[in-house]
Amino acid sequence: MTYILGSWLQSKALGVQQQQVAAAMAAAGEATQQWLAKLRGMEQLLCSAQSAQFLDIRRREAEAYKDKLGRDVTAQTAKLAEAVSAASQKVLDANTKYAADQLNGFEQGGKYADATIQQAQQHMQQVEAAVVAVRQQQLSSVEAAKTDAEAKATEALEAFLAAVPQHRQDLMLIEALDKALDRATKTATKQFGTSMAAAGAIAEQIAALQQLLQQQAGGPAGLALCEQVVARSAALQAALYERAQTLQLLKAPLGSEPVDMSLVTTGGTPPPPVGLPDPGACVAISAQIEAALRACEGETSKLGQDYYAALAASSPAAAAATLKRPPSPSKGSAPAAAKSKPGTDDAAAAESVSTRPERIPASLAGLQEVNGKTLQEVQQQLQAHLTAAQRELRAQVVMVYRLLEGVPAVAITAFTQHELTQSAAARKAIADPFQQRQQQLLQQFDAHRRALHPSMAQPSRQGEVSALTSGEQERAMQALQLGQGYCEAALLLIAQQGPSACARLRQLAQLMLKLLDGFVMPGDLVGSRQDLQEAVVQRPSSESVSMAADTPSHASSPRRRTLKQLQALALAGAEAGGEAVASSPASKGPAASAKALTAGKTPAKAGKDADAASESGRAYGPCQWRLQALPLTTQDLGWSLADTEALCAPSVSPAADAAVAGAKGKPAPVAKKPPAAAGSDKTAPMMDEVVNGFQTPCHVVAIQCHKAAVEQLKADLTAAVCSLKDSMYAWQRNEATNKERWAGCLKHLGDVV
């Protein structure tokens, strides 16, 4: 029984060893399968790669997984082999110990006969042989599992590496396509941003101009305000013109002359003439974006052709279908991909399926269709932006058109105020020395009168009386020369101020007309009247711009009016003296009924300008105005020949010498010959001048404001002449009174004697 039990135990130990080894091999195999699953999963991760750099990262990860798997399999194989050998050796050791302990004969004091021992030993040898065979089989299985795992790992890595080139090729194509598409979309986005910034800048300039027009012109700030209005208007003029050109909204280029701002410059170096930008330098937004879209379309087409050519080289059966060129889009249409006929490239599609079919279709036509959708979206954005930008520009042009009536009014009013202030300052510079000397002479008369004393009636003091009488006669002569000299100098200055200021006002009127000629007006824009109305209605911010401007309601004095008179300005051409150019297609407009120009020779320059205006192609008819020269001689200002005879005797020296000499307290030099009568101007009278413009309300306002400014200048000079007459007659009366008082003092002294 002991022998049978031992044999059974040895067989059971061998079975346990086999179960343990099988369990260890199963655990090692499960771990190996997990690593193999990770390695095989790396190929699936290639589809989520976003760049070729990501592919390199995945390749390094796959190689690392394979190396890790090899190391783990080798370690597990060694561990299993050691476990198998240890388990087998344990069984063999148990058999050896059992034989030594149990298999003893009767002679050794054992329990078994020799035959039984021999039979047991044979059985144990069979068990040992079975253990050795099982061990060898188990070691072979472990080695085979290692070889199989390494082969599967190598196969998975090779499959991964074999898939990488196609993924890399597809990703490189997608990256190149995205780069080309992004370049086109970024160009469009940049142009949209630039366009919106230009619209915002124009809105800011409109608001700034409106604020300037609401200021009051007066005092030293008059010329500065005029300069600011003209400069701001010129900048707005250029911005509107450039904006209209870039949006392709102008019917025809505006042939405006540069504006010379040296007349209104407050100080320093005058700026160069300001003109409109060169039409060739204004590139349309649509042209730039469409050029970028065409370049993108050509680039993506070339990339697709190269890709499918390489794909066809590796798959000849797909060459016929994948290299089909899409039909070229029609001229002037938006970039769009051509569609291939269905059913013609099914077989090729089966062989040329890309790793990313949603981005890379099976044919070149399909790829162009996918890319064309993106380009069509950009084209749609362009059309939407152009529609909105053109609507906004129309609204801005209407707003500026309404504000332009205030530009010549405020500028000319401010400039006129500056001219009047300067003229008054020049007259004051002459009057101040005269008044100072006048006070000195009056004080000298009082001193002479106080010097007379009743004691001078004595014969011994007759010499003193004679000296005082001689001094008073000299003082009276100086007073007469001083008054007459000042009168002549003041008259000469007033006679010069009139034509000089009138000429500058005429230059300013011409400057304003040139400035207004270059403004983009509603009639210059492409579109109908309904487009303008919709633009103004659909733009809420247009309500923030004032509808009123500083413009004159009549020719005598510029003052504010409301836009309710806007319609009436179309009929104001007759009052302004305008005449429509004969060659103008708009000669039947409101100004056609204006009175004809005064007979006279029209300057050649005006005729050339009129021809240029009539050939401008603008919706506004050209018009001519005659800037009449008001008579501004001293006689026209209220100085008569009687005033000259009374206040400016021919025997008196010229005005300037008398005024200067009197101011210094010195006797004026006696004239050697009678001078020309004061108040008789020898300067040639100013001639009328013909100016050209267009039949718009703002041009009419400029002419009206010029007329009002000239009349205001004449009124100011007339008041100056009147003030001069009053002061000189008062001075003359005062001297006559002093003469009578002196004679009375001498008579009283004689009566004392």
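**Close-up views around strand S2**

**View 1. Tryptophan 625 and its partner.** In strand S3, valine 691 is the bridge partner of tryptophan 625. S3 covers residues 689-694, and S2 pairs with S3 in the antiparallel sense over six bridges. Two strands count as paired if DSSP finds at least two bridges between them. Strands (E, at least two residues) and helices (H or I, at least four) are DSSP runs, numbered from the N terminus. This is a predicted model: local features need pLDDT of at least 70, side-chain atom pairs count only at pLDDT 80 or more, and totals for chains, interfaces and linings use all residues. Residues are numbered from 1 along each chain as its sequence is written, and side-chain values use heavy atoms, with hydrogens and water left out.

**View 2. The two faces of S2.** S2 spans residues 622-627, and six of its six residues are buried. Buried means under 20% relative accessible area, exposed over 50%, and partly exposed in between (1.4 Å probe, protein chains only). Pro622, Gln624 and Arg626 point one way from S2. Cys623, Trp625 and Leu627 point the other way.

View 3. Glycine 621 sits in the loop between helix H14 (604-614) and S2. Its relative accessible area is 5%, so glycine 621 counts as buried. Glutamine 695 lies 74 residues away along the chain, yet the C-alpha atoms of glycine 621 and glutamine 695 are separated by 5.5 Å.

**View 4. Two cysteines.** Cysteine 623 is buried because its relative accessibility is 1%. Cysteine 705 has a relative accessible area of 0%, so cysteine 705 is buried too.
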